[in-house]
Amino acid sequence: MKMEIVNGENGITNVVLAGSMDITGALEVDPRFKEVSQTSDNLIVDLANVSFLASIGMRTFVMTAKALSAKGGQLILVKPQAEVEKALKSAGLDAIIPIASDSSSALALLR
Amino acid sequence: MQTWHKALSGSLAEITTAAQWVDEIVSELELPADKSYALRVCAEELLTNIFRHAGASSRKIDLRLSRFPDRVELAVEDDGQPFDVSAATPRRVDRPIENAQPGGLGVQLIHTYADRLRYNWTGCKNQVIAEFTLQQ
């Protein structure tokens, strides 16, 4: 799975994921999420090119969201594909991690 | 009825290969997008459960996909420790975020995406059958 990290302004880091966040993909990116959650205050994660999300990938998102929340920050997921969004909601992640339809909406949530 | 069968070990590499195998067959079956995704989720989560929790005793996994006129069945059999996923309590992530625990969501996804779930312990093997109903 591909993970691109772009440091933005005002303590916001943009992450773009691509591929399948199955057990293999999730294990690949989890260490990088741990690292970026320590160095950033807020993360906006673009899911437009994530075709699949397993529970192990959701685990990474929950741990990242908790780490950011503990220091007053936030994780926001952006542009999930329809089936990925359905999976996030079925697990209840939308109750603790905001899901935005685009980057502008995500930024608005952080203001 | 069409049936596809794959035998594998519980290694991460083989589980990844098995998930790809499921993907290829699902493409062949030309199922609706939601059913394709549902099958993929259940295969991934059932296999991941075995990989993470079956213990050192798990050596053999058998996957079987069967296409019937009104449904597709995914059967997963393994020789790990007994675990009845059909009876496991599904759970969603807790709120607020301070209370959220990252684990246990796989069972929730399996219960959400399978239209029906059956389990049998043979005395030495777990057998799980996830059913996906097809519109006719």
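The model is predicted; local features need pLDDT of at least 70, side-chain atom pairs count only at pLDDT 80 or more, and totals for chains, interfaces and linings use all residues. Residues are numbered from 1 along each chain as its sequence is written, chains are lettered from A in the order in which they are written, and side-chain values use heavy atoms, with hydrogens and water left out.

Confidence comes first. The model scores ipTM 0.90 and pTM 0.92. Chain B averages a pLDDT of 89, pLDDT being the predictor's confidence in each residue, from 0 to 100. In chain B, 96% of the residues score at least 70.

Now the interface. In chain B, 31 residues are in contact with 28 residues of chain A; contact means heavy atoms within 4.5 Å. The two chains bury about 2,400 Å² between them. Buried area is the accessible area (1.4 Å probe) that two parts lose on being put together, summed over both. Carbon and sulfur atoms carry 63% of that area. In chain B, the residues that lose the most area to chain A are B:Y37, B:I97 and B:P102, together 27% of what that side buries.

Polar links cross the interface too. Between chain B and chain A, 13 residue pairs are in polar contact, both residues at pLDDT 80 or more. A polar contact is a pair of N or O atoms within 3.5 Å; within protein, one must be able to donate a hydrogen and the other to accept it, and residues adjacent in sequence count only if both atoms are side-chain atoms. The elements giving two or more residues to chain B's side are α1 (12–29), α2 (33–53) and α3 (105–113) of chain B. Helices (H or I, at least four residues) and strands (E, at least two) are DSSP runs, numbered from the N terminus. The most comes from α2(B), with 10 residues.

Helix α3(B) is mostly covered, with 7 of its 9 residues buried. Buried means under 20% relative accessible area, exposed over 50%, partly exposed in between (1.4 Å probe, protein chains only). Among the buried residues are B:L105, B:V107 and B:Y113. Their cover includes α2 (55–70) and α3 (82–90) of chain A, together with α2, β4 (116–121) and β5 (126–133) of chain B.

Next, the charges. Over all chains there are 14 salt bridges, each a side-chain nitrogen of Lys or Arg within 4 Å of a carboxyl oxygen of Asp or Glu. The interface of chain B and chain A holds 1. There, B:R40 meets A:D22 (3.3 Å, N to O). B:R40 also bridges to B:E44 (2.9 Å, N to O). B:R40 and B:E44 are 4 residues apart in helix α2 of chain B, so about one helical turn separates them. Both B:R40 and B:E44 are buried.

Another bridge joins B:K125 and B:E77 (3.5 Å, N to O). This pair links distant parts of the chain: B:K125 lies in the loop between β4 and β5 of chain B, B:E77 in strand β3 (residues 71–78) of chain B, 48 residues apart. B:K125 is partly exposed, at 28% relative accessible area.

A:D46 sits in strand β3 (residues 42–53) of chain A. Its relative accessibility is 16%, so A:D46 counts as buried. A polar atom of the A:D46 side chain lies 2.8 Å from the backbone nitrogen of A:A48. Leaving out residues up to four places away in sequence, A:D46 touches A:V15, A:V16, A:L17, A:V78 and A:K79.
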